[in-house]
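Q: I have a model open and would like to learn how to read its features one by one. Could you walk me through it?

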Amino acid sequence: MPTILLIEDHQIIRENTAQLLELAGYTMQTAENGEAGVQLALSARPDLVICDIMMPVLDGYGVLQIFNQHPQLTGIPFIFLTAKTDRADRRRGMALGADDYLSKPFEKADLLSAVSGRLSRFQHLKPEPNPDGERLHRFLDEAQQAGDLASLSLDRKAHLIRKKQDIYLEGDEAIRLYYVQSGRVKTVKTTDTGKELIVGLYGPGEFFGYLPLLQHTPHCDSAIAVDEAELLYIPKDDFMALLLRNPDVGQQFVRLLAGQVSGQAEQLLALAYSSIRRRVADTLVQLHQQQASTDVADVGIQLTRDDMAAMVGTAPESLSRTLNEFKHDGLIALTPNTIRVLEPEKLRRAHW
C-alpha cells in the first residue's frame with residue numbers, strides 16, 4: 001500500500017488521523033514539525049504528504065518549498081491540512097504548488113476521498129504518451145543544457161487543478177509561466193460591477209501567464225480552470241534567463257505575444273462594432289477550429305453558456321437566443337452540454 005507522511009504538531013490530531021489512514025490500509029509515517037517531516041521524507045520517500053501549516057520549527061509553507069526545490073522530494077502529491085480558512089492562505093498554498101487543501105475540522109470521508117483521489121490521479125498521470133508534453137520536456141532539457149540553468153527542470157510535476165479553481169487573480173505577483181498539459185484554463189477580466197469577460201482560453205500544449213513576466217508587472221487578469229486541469233510550472237527567473245540566453249525561445253514567445261495582442265484587438269473591435277449574431281458565429285468558429293486538431297474533435301464544444309457568453313461579451317439569454325437561431329438554420333446542433341458546429345463555412349457568413 002502507498003506510504004503517507006503526516007506532518008502535524010497537535011498530538012491528538014496526528015494520532016487520530018494516522019489511525020484513520022492506517023485503518024484504510026495505508027502505511028503511515030508521522031512527524032511533529034516540518035523539519036522532522038522533511039528529514040523523514042529524505043530517509044524514506046513517501047507517496048503522499050499531508051501537512052499542517054502553523055507548526056513550530058518549520059511551517060507548512062516552508063516544508064512545501066523544500067519539497068519543490070529538493071530533487072529527491074519534488075513530484076510528491078502534497079495536501080495541506082490546517083485550521084486556516086482565509087482565502088489568501090489557500091491561494092498562497094496553491095501558488096506554492098499544493099495539490100489539495102483540507103480545513104480542520106474535516107470529515108473523515110473528505111480526508112479519505114482527497115487521499116485516494118490524489119494518489120489515483122498521480123499514479124495514472126501519464127497513462128498514454130503525450131507528444132506535446134514530451135516535446136516540452138525535451139525543450140526544457142535542451143534549454144537547461146544550453147543555458148546551464150540548473151533549476152529549469154526542477155519542478156516537472158504536473159499540478160492538478162480542480163474545476164473552477166483559481167490559478168492566480170488579477171493583481172497577484174507574476175511568479176511563473178504556465179503550461180497546460182491537460183484540461184482547459186480561461187483568463188478573465190472583471191468589471192467593477194462584477195461582469196466577466198473571457199480574454200483567453202488555453203488548452204493542452206499552450207502556455208499562458210507570460211505577458212506580466214515580460215512586462216515585469218502583476219497579473220492584469222485572473223486565470224481559472226474550466227475543467228480539471230494539469231499544469232506545469234516554469235519559475236519566472238528560469239524563464240527570463242532562458243529568454244536572454246536563447247534567441248529562438250525569445251522569438252517563440254514574441255510570436256505568442258503578438259498573436260495574443262492581435263486576438264485581443266480583434267475582440268475589442270468586435271465588441272465595439274459587431275452584432276451579437278456575428279460575435280457568436282465568430283466565437284463558435286474559433287472554438288471549432290481550436291478543437292479540430294485535438295483528440296476530442298468529434299465531441300463538440302463543451303463550454304457553459306455563462307463562459308461562452310463571457311467570451312462573446314453578451315448576456316447568457318442573448319447567447320441562448322442566437323444559438324437557437326443558428327440551430328433553426330441547421331448550422332449547429334445543440335444538446336444540454338455541447339454545441340456541435342455542422343456548417344462552419346456557412347456559419348462564417350451567417351451574420352451577414
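A: Gladly! Let us begin with K164, which is exposed, with a relative accessible area of 66%. Keep in mind that this is a predicted model.

Q: Which residues are in contact with D52, leaving aside its neighbours within four places in sequence?
A: D52 is in contact with I7, E8 and D9, with G60, with F80, L81 and T82, and with K104.

Q: Which peptide bond involves K104 and is cis?
A: The bond that joins K104 and P105 is cis, with omega at about 0°. P105 is found in the loop that runs between β5 (100-103) and α5 (108-123).

Q: Now to aromatic rings. How many aromatic pairs does the structure hold?
A: There are ten aromatic pairs in the structure. One of them is formed by Y61 and F80, edge-to-face, with 5.7 Å from centre to centre and 80° between the planes. This pair links distant parts of the chain, as Y61 is in helix α3 and F80 in strand β4 (residues 78-82), 19 residues apart.

Q: Are Y61 and F80 buried or exposed?
A: Y61 counts as buried at 4% relative accessibility, and F80 is buried with a relative accessible area of 0%.

Q: What is the geometry of the pair that F80 forms with Y101?
A: F80 and Y101 are edge-to-face, 6.1 Å centre to centre, with 70° between the planes. Here too the pair links distant parts of the chain: F80 is in strand β4 and Y101 in strand β5, 21 residues apart. Y101 counts as buried, at 4% relative accessibility. Y61, F80 and Y101 belong to one aromatic cluster together with F67 and F78.

Q: How do I read a helix with one buried face? Please start with α1.
A: Helix α1 (residues 11-23) has 13 residues and reaches 18 Å from its first C-alpha to its last, close to the 18 Å expected at 1.5 Å a residue. Its buried residues are R14, T17, A18, L20 and L21. Seen down the axis of α1, these fall within an arc of 160°, so they line one face of the helix. I12 and L23, on the other side of α1, are exposed. Just after α1, G25 takes a positive phi of about 105°.

Q: Which residues of α12 are buried, and why do they line one face?
A: S318, L319, T322, L323 and F326 are buried in α12. They line one face of the helix because, seen down its axis, they fall within an arc of 135°. The face turned away from the buried side of α12 carries the exposed residues E317 and H328. Just after α12 comes G330, with a positive phi of about 80°.

Q: Finally, what should I know about sheets, and in which order do the four strands of the open sheet stand?
A: Strands of a sheet pair through backbone hydrogen bonds, either parallel or antiparallel. In this open sheet the order is β6-β13-β8-β11, and the pairing is antiparallel. β6 (159-161) and β11 (207-208) stand at the edges with a single partner strand each, so one side of each is left without a neighbour in the sheet.

Q: How many bridges join β8 to β13?
A: Six bridges join strand β8 (residues 176-182) to strand β13 (residues 229-235), and the two run antiparallel. To find your place there, look for L177, which stands opposite I234 in β13.

Methods. Residues are numbered from 1 along each chain as its sequence is written. This is a predicted model: local features need pLDDT of at least 70, side-chain atom pairs count only at pLDDT 80 or more; totals for chains, interfaces and linings use all residues. Side-chain values use heavy atoms; hydrogens and water are left out. Two strands pair if DSSP finds at least two bridges between them. Buried means under 20% relative accessible area, exposed over 50%, partly exposed in between (1.4 Å probe, protein chains only). The expected span of a helix is 1.5 Å times one less than its number of residues. The arc is that of the directions from the helix axis to the C-beta atoms. Contact means heavy atoms within 4.5 Å. Rings of Phe, Tyr and Trp (its six-membered ring) pair if their centres lie within 6.5 Å; planes under 30 degrees apart count as stacked, over 60 as edge-to-face and the rest as tilted.
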